[in-house]
Amino acid sequence: GHEALMLQMHLLQSDIEACKSQAAEREETAGKQIGALRLKMQEQQEHLLASGRNVLALEAARAFNKHLYPPEDSEVEQNGEVAAADIVQLQKDNRDLEQQISEKNKMIKQLQQRMAELKKTLQKELVSL
């Protein structure tokens, strides 16, 4: 009877060790996933910032060009049409960028929710050891 109990205890201890190492692996995996998600979010935020800077640079370049090459009297009417077309294009670009930002924000929220779920799962698994 004593040997059987010792054997059972030994088996339980090795089960506990196996569970602990599985939990450690899961924690490491979850940590890597969280790190990858954070990196992805950071890249997207940097991309958004770069997109915003590109628009500002484009607008500045257009303004600078108009300053460098002011319209002559004969070109005023034609240039007015171009300016209107520029405004329409800028408004369209602006809407596109706002749409992109909205989509990126949704994705960031989803990634944050996923991270929260991973953390909860990880905590549950650690508690259950």
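Looked up lysine 32 to start: it is exposed, with a relative accessible area of 56%. I'm working from a predicted model here. The side chain of lysine 32 meets that of glutamate 28 in a salt bridge, 3.3 Å from N to O. Both residues sit in helix α1, four residues apart, which is about one turn of the helix. I have glutamate 28 down as partly exposed, at 46% relative accessibility.

Next I asked how many salt bridges the count comes to. It comes to three. One of them is glutamate 125 with arginine 26, the closest N and O atoms being 3.3 Å apart. This pair links distant parts of the chain: glutamate 125 is in helix α2 (residues 76-127) and arginine 26 in helix α1, 99 residues apart. Glutamate 125 counts as partly exposed at 24%, and arginine 26 is partly exposed at 41%.

Then I checked aspartate 96, which forms a salt bridge with lysine 92 at 3.2 Å between the closest N and O atoms. They are separated by about one helical turn because they lie four residues apart in helix α2. Aspartate 96 is partly exposed at 37%, and so is lysine 92 at 41%.

Back to helix α1 for lysine 20. Lysine 20 is partly exposed, at 46%.

Last entry: is glutamine 44 buried or exposed? Buried, since its relative accessible area is 9% and the cut-off is under 20%. Glutamine 44 is in helix α1 (residues 2-68). Leaving out residues up to four places away in sequence, I see glutamine 44 touching Lys104, Met107, Ile108 and Leu111.

Key. Residues numbered from 1 in each chain as written. Predicted model: local features only at pLDDT ≥ 70, side-chain atom pairs only at ≥ 80, totals over all residues. Heavy atoms only, no water. Helix = DSSP H or I, 4+ residues; strand = E, 2+ residues; numbered from the N terminus. Buried < 20%, exposed > 50% of the residue type's maximum accessible area, 1.4 Å probe, protein only. Contact = heavy atoms within 4.5 Å. Salt bridge = Lys/Arg side-chain N within 4 Å of Asp/Glu carboxyl O.
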